[in-house]
Amino acid sequence: MEFSYEAYRNLIGLLEEKKYEFSSYHDWREKKKVVILRHDIDNSIEDAVRLSEIEKELGVMSTYFVLLRTDMYNVASKYSYKMIEKIVDNGGEIGLHFDEKSYDEDVDVVEAIRKEADILSEIIGRKIKTVSMHRPSPKTLDMNYEIDSIVNSYSDTYFREFKYLSDSRMHWREDILGIINSDEKYDKLHILTHAFWYHKKELSAHDIIKKDFARRRQFLWDVYDSNVRDLSEIITREELIE
């Protein structure tokens, strides 16, 4: 499967053709043949917005997991808040993407998840009802339970009852299209994609990261320009983004 918007549209079309019902982590139990779509936002909220626009166009929903403790984006900023609002307006649910490696090794993971969920809920003005793990340790992967009322997407339910498929590091470890085409073999699918890898045309990981660096330089110029008077008299845009 290519990492392009057209390929993602075709993936959704194939799921529909095979009569899968698109579900959240909260409403799948009454359905006979279901798929849960999940997106971990590791790098770029902008890319997640673009994928959510495609899902709105196709009439499907998914869950977008947002990191609270990351250097890649500031979920509390006005800009990021507007991006998250766009995802919600497009029909996406916002969940917590929890990174235990941003804490010391002796952290109480359950308590940290509770706190981050409360903080994220306060920031976006919506109750956080789901959590996914970012770079989880074996110990965290063994947490086979919900945390308060927060659904743990890494529990056995979503890794054993469901067929789990992921495009982590721009690599499908199994033939996702073949699995979807296997008719009645799998009646529950749990699919993780990372919007960061998808573009109008498939790009290499090298080119995607290079493109993101260029975008961030332009974004940082705009941030400086809005905070430093007469910035171009100090340093030009061309010097910073070339």
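How many helices and strands does the secondary structure of the protein chain come to? It comes to ten helices and eight strands. Both are DSSP runs numbered from the N terminus: helices are H or I with at least four residues, strands are E with at least two.

## Basis of the model

This is a predicted model: local features need pLDDT of at least 70, side-chain atom pairs count only at pLDDT 80 or more, and totals for chains, interfaces and linings use all residues. Residues are numbered from 1 along each chain as its sequence is written, and side-chain values use heavy atoms, with hydrogens and water left out.

## Overall shape

The C-alpha atoms of the protein chain fill a box of roughly 65 × 40 × 30 Å along the principal axes.

Buried residues make up 48% of the 242 residues. Buried means under 20% relative accessible area, exposed over 50%, and partly exposed in between (1.4 Å probe, protein chains only). Among contacts (heavy atoms within 4.5 Å) between residues at least 6 apart in sequence, 67% join residues at least 24 apart.

## Nonpolar cores

In soluble globular proteins, nonpolar side chains tend to be buried together. A nonpolar core here is a set of buried Ala, Val, Leu, Ile, Met, Phe, Trp, Tyr and Cys residues joined through side-chain atoms within 4.5 Å. The largest has 61 residues. L15, I94, L96, I113, L189 and I191 have the most contacts inside it. Helix α4 (residues 109–124) gives the most to this core, with seven residues.

Apart from it lies another core of eight residues, including W28, I36, V151 and Y158. Leaving aside neighbours within four places in sequence, I191 touches L15, V35, I36, L37, R38, L165, W172 and I176.

## Salt bridges

The whole structure has 15 salt bridges. Each is a side-chain nitrogen of Lys or Arg within 4 Å of a carboxyl oxygen of Asp or Glu. One joins K31 and D27 (3.8 Å, N to O). K31 is partly exposed at 24% relative accessibility, and D27 is partly exposed at 36%.

Another joins D212 and R215 (2.9 Å, N to O). Both lie in helix α8 (residues 205–227), three residues apart, about one turn of the helix. D212 is buried at 9% relative accessibility, whereas R215 is partly exposed at 24%. E46, D212, R215 and R216 are linked in a network of salt bridges.
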